Amino acid sequence: MSVTAKIHIGHERLALVPTLKALDEITIRVVSQGTTAPGATDFPFLIEYKDRTEVESRLEGDPTVERYELVDWTDETGIYYISHTPETLLISTVVTEVNGFLVHTETKGSGWLVRLLLPDRKSLNTIWEYAMENDMTFKIIEIYGSEDAGTETSYGLTDEQTAALKTAYEEGYFGEPRKTSLDGVADEMGLSSTAMSGRLRRGMRNLVAATIVDLDDE
């Protein structure tokens, strides 16, 4: 079953992050392409900023940029083809390896907000492992399978966290006054109170990260 996921990634060596951090109010998007050849390091970017000269000055000094070519600049918006240095971290590499597709990619906060279309959840796990191996921050904002599209979003919750939160809610753990204790919910799930507490805490953390926290504030 295919999976659609929205993730936020961050690292100093991700493409154009040095330029992103140097210029306030700059917005960068990857221009969507039908296909991406494995190992490709040249991509078209749409850059919105008030000063073209400042943009190109930052690109010149950006350690993730090997070279760039301006295609067009109109009304504080430029389209550039940018080639990245060998040291640059590119999530597109692993996405292509798992036969995934980058649906939308844009800067957010000090990193990249990416919407992925993947063949299955195993592919998402492979991308997560790549991120961990390269010390990236990796936050799942939304995730759902093809059968859930348009109906339900899991907000980065694992199946276990979803079940724990639903059970706690149904048993009245979140009620006021509370109708059951943590031990009572744990018994219902067949878990220890410590394990149940951990699932609830991690699940609530993911919900807050996906629905309340603004990545620009982090």
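Select Tyr68. At 23% relative accessibility, Tyr68 is partly exposed; buried means under 20% relative accessible area, exposed over 50%, and partly exposed in between, with a 1.4 Å probe and protein chains only. This is a predicted model, where local features need pLDDT of at least 70, side-chain atom pairs count only at pLDDT 80 or more, and totals for chains, interfaces and linings use all residues. Residues are numbered from 1 along each chain as its sequence is written, and side-chain values use heavy atoms, with hydrogens and water left out.

Tyr80 is buried, at 0% relative accessibility.

How many aromatic pairs does the structure hold? There are 4. Rings of Phe, Tyr and Trp (its six-membered ring) pair if their centres lie within 6.5 Å; planes under 30 degrees apart count as stacked, over 60 as edge-to-face and the rest as tilted. Tyr68 and Tyr80 make an edge-to-face pair, 5.9 Å centre to centre with 70 degrees between the planes. Tyr68 sits in strand E4 (residues 65–74) and Tyr80 in strand E5 (residues 77–84), so this pair ties together parts 12 residues apart in sequence. Strands (E, at least two residues) are DSSP runs, numbered from the N terminus.

Next, select Trp73. Ring pairs join Trp73, Tyr68 and Tyr80 in a cluster.

Move to Tyr173 and Phe174. Their ring centres are 5.4 Å apart and their planes at 70 degrees, so this pair is edge-to-face. Tyr173 is buried at 13%, whereas Phe174 is partly exposed at 38%.

Last stop: Arg178. Arg178 lies over the face of Tyr173, 4.0 Å from the ring centre. A charge sits over a ring if NZ of Lys or CZ of Arg is within 6 Å of the ring centre and within 35 degrees of the ring normal.

Terms used:
Helices (H or I, at least four residues) and strands (E, at least two) are DSSP runs, numbered from the N terminus.
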